[in-house]
Amino acid sequence: MEATSKIRNVLGLTLSSPLIIAGPCSAETEEQVLSTAKQIASLKRASIFRAGIWKPRTRPGQFEGIGSIGLEWLKKVKAETGLPTAVEVANVKHVYEALRMGIDFLWIGARTTVNPFSVQEIADALKGVNIPVLIKNPVNSDLDLWMGAIERIQKAGITKIGAIHRGFSSADKSQYRNKPIWELPIELKRRMPDIPMICDPSHICGNRELLFTIYQTAIDLDYEGLMIETHCNPASALSDAKQQVTPAELDKILKDIVVRFSTVEDRKFLSSLEDCRDRIDELDNKLIHLLANRMEIARSIGEYKKQTGVTILQNARWNEIVKNRTKQGMEKKLTADFVMKIFESIHQESIYHQKQTMGNEIAGAKEK
């Protein structure tokens with residue numbers, strides 16, 4: 001698996017399978033932390049033990065983390081199990097305390113990534129320090145914020161950096177606590193190919209019953225690892241109880257995951273794959289040609305509208321397009337959402353060309 005090679009090179013870990021980071025959402029008691037860590041270590045599947053030490057919640061009054069004393073417990077975890085440890089840091093004080101206690105990995109959480117000021121302060125505190133840093137996506141679906149946080153840590157001189165995909169907050173109803181929006185981490189992987197991508201299914205799902213599908217999807221998309229909240233007794237957890245699994249449940253899920261490879265040496269497979277890609281390239285070329293022809297017609301429509309004083313936006317026509325194209329797409333086994341996204345992009349491009357023809361400054365309209 002190519003992913004393990006990238007993890008070795010970037011984070012300095014020795015792996016023969018995807019990286020597994022496991023441990024409780026929050027360190028609650030010394031007994032809970034050590035019991036969970038020993039059970040995880042006995043599985044011989046996890047490479048890093050994680051635990052939340054500082055846990056500011058959306059609203060005050062809930063459990064907000066045990067605080068710095070938890071770092072002492074993590075020190076014992078490493079001494080007694082050999083597992084490297086990881087904690088979330090949200091400010092300069094957290095960074096200094098974690099470094100002082102010998103924590104091996106730091107991660108920056110979604111609520112911090114969204115704030116460039118906070119990330120910069122953490123980056124400044126890390127200058128001159130050689131420690132791996134994992135950066136979660138921001139709460140909102142903003143790729144530039146995520147990349148910006150990574151770049152700030154890079155400019156501080158940190159060379160061992162990974163990204164964590166934990167899903168995105170959304171007002172839309174969903175079965176997930178945080179919608180995966182897979183296209184964003186995929187685009188980050190394209191723009192920053194040297195940054196390992198780790199998936200946090202626990203925060204995406206918010207419910208342990210949904211975890212396996214997200215685990216498998218991440219591995220199928222060539223993610224380099226998983227961060228999984230694991231607790232010796234999830235029912236009694238003081239934070240995020242529903243999304244945590246026991247070490248035994250973690251072991252079962254990981255056994256069921258099918259690990260795939262970025263490439264293989266099978267000549268028959270490679271030949272068939274290349275043939276399929278050639279056909280896709282041919283179809284893509286035709287699509288580009290057809291789209292260019294469509295925009296030529298849009299420019300002609302814009303000229304007719306300009307001559308007759310007709311507005312660009314014609315809602316009845318747009319509704320007709322949405323209805324008919326969605327139906328046609330579904331008849332060809334395409335999802336309605338996919339078809340809608342395509343034609344939204346097409347009509348916005350058409351609007352642009354009509355505006356250019358008409359010389360108008362109309363924004364956000366729909367095509368005729």
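1. Helix H14 is the element that gives the most to the lining of the second largest pocket, with five residues; helices here are DSSP runs of H or I with at least four residues, numbered from the N terminus. The model is predicted, with local features needing pLDDT of at least 70 and side-chain atom pairs counting only at pLDDT 80 or more, while totals for chains, interfaces and linings use all residues. Residues are numbered from 1 along each chain as its sequence is written, and side-chain values use heavy atoms, without hydrogens and water.

2. The second largest pocket has a volume of about 330 Å³, and of its 14 lining residues Leu 287, Leu 334, Ile 342, Phe 343 and Ile 346 are the closest to its centre. A pocket is an open set of points on a 1 Å grid over the protein atoms alone, where a 1.4 Å probe fits, with protein on both sides within 12 Å along at least five of seven lines, and lining residues have an atom within 4 Å of a point; the volume is the space filled by probe spheres set on the points, which are joined across faces, edges and corners.

3. Helix H12 (267-308), which supplies at least two residues of that lining, has 42 residues and reaches 61 Å from its first C-alpha to its last, close to the 62 Å expected at 1.5 Å a residue, where the expected span is 1.5 Å times one less than the number of residues. After H12 comes Gly 309, with a positive phi near 75°.

4. About 460 Å³ of space lies in the largest pocket, and among its 23 lining residues Pro 56, Arg 57, Arg 111, Arg 166 and His 203 lie nearest its centre.
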